[in-house]
Amino acid sequence: MPSSGYLESLFRLDDRVAVVTGGTGVLGGAIARGLARAGARVAVLGRREARAEEVAAEIRAAGGDAVPAPADVLDTASLERVREDLLARFGRLDVLVNAAGGNQPAATVTEQGSFFDLPPAALREVLDLNLLGTLLPCQVFGAAMARRGEGAILNISSMAARRALTRVVAYGAAKAAVDSLTRWLAVELARRHGAGLRVNAIAPGFFLGDQNRALLLQPDGAPTARGHAILAHTPAGRFGEPDDLVATAVWLSGPGAAFVTGVVVPVDGGFDAFSGV
């Protein structure tokens, strides 16, 4: 039988340096904390410098190692500054988690509205944030990993990429593109830079966050009509909690997933498996 030490070694990230974009958000923050608990030194990347420092301080207070990394995922120059700062400080980059993303009301079809009336600027903003906001960090931080021929990139997809979910047209299209990018990069980077450089994604089910809370919950905490419909199609019978993503993120980032690349792993309470019948 394998020893507990052997099993632990498959899920430890000691001495690894991880960058988490969107680390100031609910899901990105949970993943950043989880990677730190697994032993990684974590750079919390987000546009809000004060919030990035707050999350990093919380990680340090819990015994982890974290630094704030204020940057905009759509600004290549700011990403490059973070990369060079981290390489100067730690000498390496091992893990990139692309948790920055989201939707916005102006790009969402309302109950009374129409797809044909959605403003192009709002659609473009959602597409840029979710697709380019994943692709550009892959270019910047992935380049440092490619020089060593090893590392793990973890993108955050969505059930909206796999199923046609009403109302969230731009978000669904952007996350479907993230799935395609994940598979393409997995092939490209392994073939050109070595099998030690892996790219995977997590597709969360329905998790409560700042951006979707009003869509899923009423002010008194009861589910909205949309929330009821989602729960009825989720065999687990609940919305996801941020920590539900942590174990999968740690696994895909570490040595236990050394032969796993190009996959999109659903963490969804069974939503994707259920036909509704």
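Student: Which residue in S2 is the bridge partner of Val19?

Tutor: In S2, Val19 has Ala43 as its bridge partner. This is a predicted model in which local features need pLDDT of at least 70 and side-chain atom pairs count only at pLDDT 80 or more, whereas totals for chains, interfaces and linings use all residues. Residues are numbered from 1 along each chain as its sequence is written, and side-chain values use heavy atoms, with hydrogens and water left out.

Student: How do you know the handedness of the crossover from S1 to S2?

Tutor: The chain leaves S1, passes through H2 and reaches S2, and this β-α-β crossover is right-handed. The test is to view the strands pointing away from you: the label applies if the path from the first strand over the helix to the second runs clockwise.

Student: What is the strand order of the open sheet, and why do S3 and S7 count as edges?

Tutor: The open sheet has seven strands in the order S3-S2-S1-S4-S5-S6-S7, with parallel pairing. Strand S3 (65–70) and strand S7 (264–267) each have a single partner strand, so one side of each is left without a neighbour in the sheet. From one strand to the next, the twist averages 20°. Helix H3 (residues 49–61) packs on the sheet, touching S3 and strand S2 (41–46), and its direction makes about 175° with that of S3. Helix H4 (residues 76–90) lies across S1, S2 and S3 and runs at about 150° to S3. Such angles run from 0 to 180 degrees between N-to-C directions of axes fitted to C-alpha atoms, for helices over the stretch in contact.

Student: How many bridges link S4 to S5, and how many link S5 to S6?

Tutor: S4 and S5 pair in the parallel sense over four bridges, with Val95 opposite Ala152 in S5. The chain crosses from S4 to S5 through helix H5 (residues 120–148), again in a right-handed way. S5 and strand S6 (residues 196–204) pair in parallel over seven bridges, including one that places Ile153 opposite Val199. The crossover from S5 through helix H6 (residues 169–193) to S6 is right-handed. Eight of the nine residues of S6 are buried, so S6 too is largely enclosed.

Student: What makes Thr134 buried or exposed?

Tutor: Thr134 has a relative accessible area of 0%, so it is buried. Thr134 is found in helix H5 and, leaving out residues up to four places away in sequence, touches Asn98, Leu129, Asn155, Val178 and Leu181, where contact means heavy atoms within 4.5 Å.

Student: Which residues have the most contacts inside the largest nonpolar core?

Tutor: They are Leu35, Val42 and Ile202, in a core of 31 residues. A nonpolar core is a set of buried Ala, Val, Leu, Ile, Met, Phe, Trp, Tyr and Cys residues joined through side-chain atoms within 4.5 Å. Beyond its neighbours within four places in sequence, Leu35 has contacts that include Leu13, Val20, Val42, Val97 and Val250. A second, separate core has 29 residues, including Leu79, Val82, Phe90 and Val199. In soluble globular proteins, nonpolar side chains tend to be buried together.

Conventions. Two strands pair if DSSP finds at least two bridges between them. Helices (H or I, at least four residues) and strands (E, at least two) are DSSP runs, numbered from the N terminus. Buried means under 20% relative accessible area, exposed over 50%, partly exposed in between (1.4 Å probe, protein chains only).
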